[in-house]
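Here is a short report for a reader new to this structure. Look over the sequence and the structure first, then read on.

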Amino acid sequence: MNRTWLSKRLLPLLLIAAGVWQLASASWILVKAELSQYLISRAWERQLHAGEIQKPWPWADTWPVARLKLDQQKPLVVLQGITGEALAFGPGLHEASALPFAQEHAGNTSVRTTVIAAHRDTHFRGLEKLQAGMGVQLQARDGRWQHYRVLGTKVVDSTRETLPISDRPGLLLVTCYPFGSLEAGGPLRYLVYAEPVPDAAVIQL
Amino acid sequence: MNRPLFPSPRIERDLLILPTSEYYRRRYRKSRVGSWLLFTVTTLAVLLAAVGARAEDASQALAYEQVALEDAGSGDLLLVGREAGAFEPALHLSTAVDMRVRGLVAEVQIAQTFTNTSNHWREAVYVLPLPENAAVRGMEIVIGERRIVGKVREREEAKKVYTEARAAGKRAALLEQQRPNMFTSRVANIAPGEKIAVEVRYLQTLKFDRDQFSLRLPSTLTPRYIPGVQGELSQESAQEPVQEPVQEPVQEPVQELALNPHGWSLPTDQVPDAQHITPFMMPMAELASRGSHQMSIHVDLGMGLPLADIYSPYHEVDFRRQDGNRYQVQLKGGSAPMDRDFVLHWRPQMSSMPSAALFAEQSQGDSAQYLQLLLLPPRESGATRRLPREVVYVVDTSGSMGGNSIRQAKESLLLALSRLDAQDRFNIIEFNSHHRSFYPRPVTASQENIHRARDWVESLSATGGTEMAPALKEALSQQLDEQAGELVRQVVFITDGAVGNERALFEIIQQRLGQVRLFTVGIGSAPNSHFMTKAAQIGRGSAVHIGDLGEVQVQMGRLFEKLENPLVTDLRVDFPRGIKLEGYPKQLPDLYLGEPVRLVARIEGQPLGVPSSGELVVSGRLAGKRFSRSISLSQLAVDQQGDEIGSVWARAKIAALRDMQRQRGPLAGTTGEGERVEGSLKQQILTLALRYQLASPYTSFVAVEEAPVRSQVETLKSSSVPNAVASGQNLQRFTYPSTAAGVYGQFFTALLLLLCGWGLRARAAIVRSVRALLYGLVPDVRRCQTRLEHFLARRLSPATIKSGELPPHVIGTRIPGVQK
């Protein structure tokens, strides 16, 4: 009797509960990604006005550093750091890299590659659509936009290669690969490299 | 006897009643859960395999088809991997090191040649690692036959002179101290294709431990982890009273950026000079393929002692013996890649092992004399009672420990665990971005606890940051006060020391040490020796270093000897009356087994080396017994020409003043008095460094050529000369982040689980509908109406399938309902 009860009632219930839990947690990731972007972009707007760093919510351990626009897609606000917590809320700026604007007021040739990473299934879903020649824009804290042109894309094995950060300006967008894959934590990474376009060369449409 | 006892009776085929569908239904009702499970698992496996295969296909296709970035013109950048066309350093570097060992001091000359391989005028910026006790006292630019001698100036002034010379197109070089073991070397205006060498000269006191002298020369560094908050936030949080910024030399956090554009980390609230100490790193293989970063070493060992043994643990060396017990040591093959520390050990023959060494030197400017002393305390004889110990092992599992380092650390830790006694107590703390204790408090070293600890240690892996401060605090506060006096308390700290906030950590050790003694085990090919030795010094412990997996046994053995043997305590050195003495260290530390008494002093009032000099008495206590040794000062030969000991003394005094600065660090600035003391200490260091011509936190070397070489129409480009990634390490700074939230996987699992759950719940209904469907499709022999159905039924009936073709009448008689 016990076995029948187990198999008839409990097992299906357990399975359904687990399923609902998985569904909820997956949806939560998506909802969190969307909602936080809303909050963060508000913080970004405030920051643009105030000129000081504004945390999107009081207990946040990261803060917005730039706004990124991939081609014609919806703009995303980039956060400082690439820890798991930061990436859950938005694209993150790699600590070893730097924004193109930070060095400019130093009045020197101090330049580094800008590396921005995000999850392939949340914010960087649209990375797949970027192709050579498309435009990417990055907005600084002072409101100026830096324009980039996509040079190409590449897939690398992260266990064998390191991030190509050097003392050249450029934007490197990183996300996981393959895009539709079910398993997380695979070794492949999808890179989009864009080179800066001088302001004069940008044609306003 | 294989025959069955009751052979089964033969049953006539005609009498056989074949099972009906009802029979099967009942028979398999019991195990249906199993079959469902089997079904689910199979489906899942098939689906996953299919999806995986598709993903794999896609990835391979893409990886091979889109490598065309080099063609697009950014090849320089994207390919720091193994492929061709990687980031090309504009400047090549080669190093020639010449060491002269005299007395207890090595005089080292490092000549670094920068070759400009580009078509532009260049400024080279290089982070130069040096030994932590180096007294840097010379810098010259060498262009062909010409030499431009550098001078010591106040830091700000030197920088100004250099910046102006650089702008004016003059050749110039600047050497700034960032940490006691880390300097920034800059050379401006290197013409295209030109070679310019910078020679740095320094003095280094030899290490002596367990009858063995040793010398360490770092050639690269492990990238430092920079804790704290970056960028503009630093100003904001600096105002908060919680986080007092580190009292690094009060220097240039903002405008400095203009001069040093090559740092990789931005300054943070805890490490205001982060950009100076995190150079651009490149894998050695990359650099070697361009012929850059090779180092040649020549050592002239002239101690005047016959040696029993010379060896270098990480390099192959050749040596030659000359007259007067001089030895010439060189690298086998001439040069070696600059990706690991060069270490040389040598051991005098037992018969001529010195028990004391004393060197004196006449000061050049005045009547004072300098004295350097090394003395071996007596060996302790007989067995001693082993005191129970309480040891907390702290192991660094940060990303910089990845690769060989973590293996060395684990091996050392396992060895240490096996050494514990049942009466000892222990605990383990691992730390990276966060720290984790094995037990909340130290536990007894029982077999079971040790066993569990071993398993735990085996499971450790290296990732994340190096937040050392909280782990250190935890380790120093773990030991309970109640057992004070009964237990010997020790903390063993296993790390590569790759942190930028050394001073803050030293402060923590100083404030919280209590009765504990802190020992450091340095790990890796290029550890931060400054951190290792200073932490052990403040922690009243000792430091060992493991650079190779094969060294674990020997070096840990040394550490255990120190941990388990009694100390030499209450040490003092007495000079004859009338001598005015300023000696360093001010307070002689307790000595562990094999360590010598060392002192460097400036003496005034009475000359040494004359018959009236008297004698010097060293006394102390070992295992409860007092001992004393005396050395006559009257026969001492005083060197009239040299100035080495003077420089070493000045360097030791600077270190002592820096320690005082640190002790007062947190108070300085809050009170007017603190500020004044701070200011006076800085002033003392400055005067000392200028007087003895030494590099210090407040003084730098600068050399400028008179005539400009670069015309103003040509621009100067500044390039960082990378440091090689230390052998056996991963370049953690540039690892890819993990960028998948796993949403699809979760959705898929959710879908499967829901389907299964719902399927099980509605099983009865499903089974019914499936059965109905099957009934509709598969003809039932019992309801055959047409000829075709009869034929099919006959073909498909179980009996037919089982025994092949049977005559139709047999079927007809046997299965009821076929004949209407």
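This is a predicted model: local features need pLDDT of at least 70, side-chain atom pairs count only at pLDDT 80 or more; totals for chains, interfaces and linings use all residues.

Residues are numbered from 1 along each chain as its sequence is written, chains are lettered from A and ligands numbered from 1 in the order in which they are written, and side-chain values use heavy atoms, with hydrogens and water left out.

**Chain A**

Chain A has 2 helices and 8 strands. Helices (H or I, at least four residues) and strands (E, at least two) are DSSP runs, numbered from the N terminus. Along the sequence the order is α-β-β-α-β-β-β-β-β-β. Chain A holds 205 residues, and 53% of them are buried. Buried means under 20% relative accessible area, exposed over 50%, and partly exposed in between (1.4 Å probe, protein chains only). Take the contacts in chain A with a separation of 6 or more: 58% of them join residues 24 or more positions apart. Contact means heavy atoms within 4.5 Å. The accessible surface of chain A is about 9400 Å², and carbon and sulfur atoms supply 59% of that. Such areas come from the Shrake-Rupley method with a 1.4 Å probe; for residues, only the protein chains shown count as cover.

**Cores in chain B**

In soluble globular proteins, nonpolar side chains tend to be buried together. A nonpolar core here is a set of buried Ala, Val, Leu, Ile, Met, Phe, Trp, Tyr and Cys residues joined through side-chain atoms within 4.5 Å. The largest one has 59 residues, and V136(B), L301(B) and W346(B) touch the most other members. Strand β1 (residues 91-102) of chain B gives the most to this core, 5 residues. Domain 1 (91-230 + 245-348 + 694-734) and domain 2 (353-380 + 576-655) of chain B both contribute residues, so this core lies between them. The domain bounds come from an automatic or database domain assignment. Apart from this core lies another, of 35 residues, including Y393(B) and W456(B).

**Surface patch**

V770(B), L773(B), L774(B), L777(B) and V778(B) form a nonpolar surface patch, with about 480 Å² of accessible area together. Nonpolar side chains (Val, Leu, Ile, Met, Phe, Trp, Tyr) are joined within 5 Å, like charges within 9 Å. L773(B) lies in helix α18 (residues 763-777) of chain B. L773(B) is exposed, at 55% relative accessible area.

**An enclosed helix**

Helix α13 (residues 529-538) of chain B has 8 of its 10 residues buried, so it is largely enclosed by the rest of the structure. Among the buried ones are H530(B), F531(B) and K534(B). Just after α13(B), R540(B) takes a positive phi of about 55°.

Y439(B) sits in the loop between β23 (435-437) and β24 (443-444) of chain B. T397(B) sits in the loop between β21 (389-396) and α9 (404-418) of chain B.

| Residue | Relative accessibility | C-alpha distance |
|---|---|---|
| Y439(B) | 10% | 8.4 Å to I429(B) |
| T397(B) | 0% | 9.3 Å to H435(B) |

Beyond four places in sequence, Y439(B) touches N427(B), N449(B), R452(B) and Q478(B). With the neighbours within four places left aside, the contacts of T397(B) include I406(B), E430(B) and L460(B).

Definitions and conventions
Patches are made of residues with over 30% relative accessible area and no salt bridge: like charges are joined within 9 Å, nonpolar side chains (Val, Leu, Ile, Met, Phe, Trp, Tyr) within 5 Å. A salt bridge is a side-chain nitrogen of Lys or Arg within 4 Å of a carboxyl oxygen of Asp or Glu.
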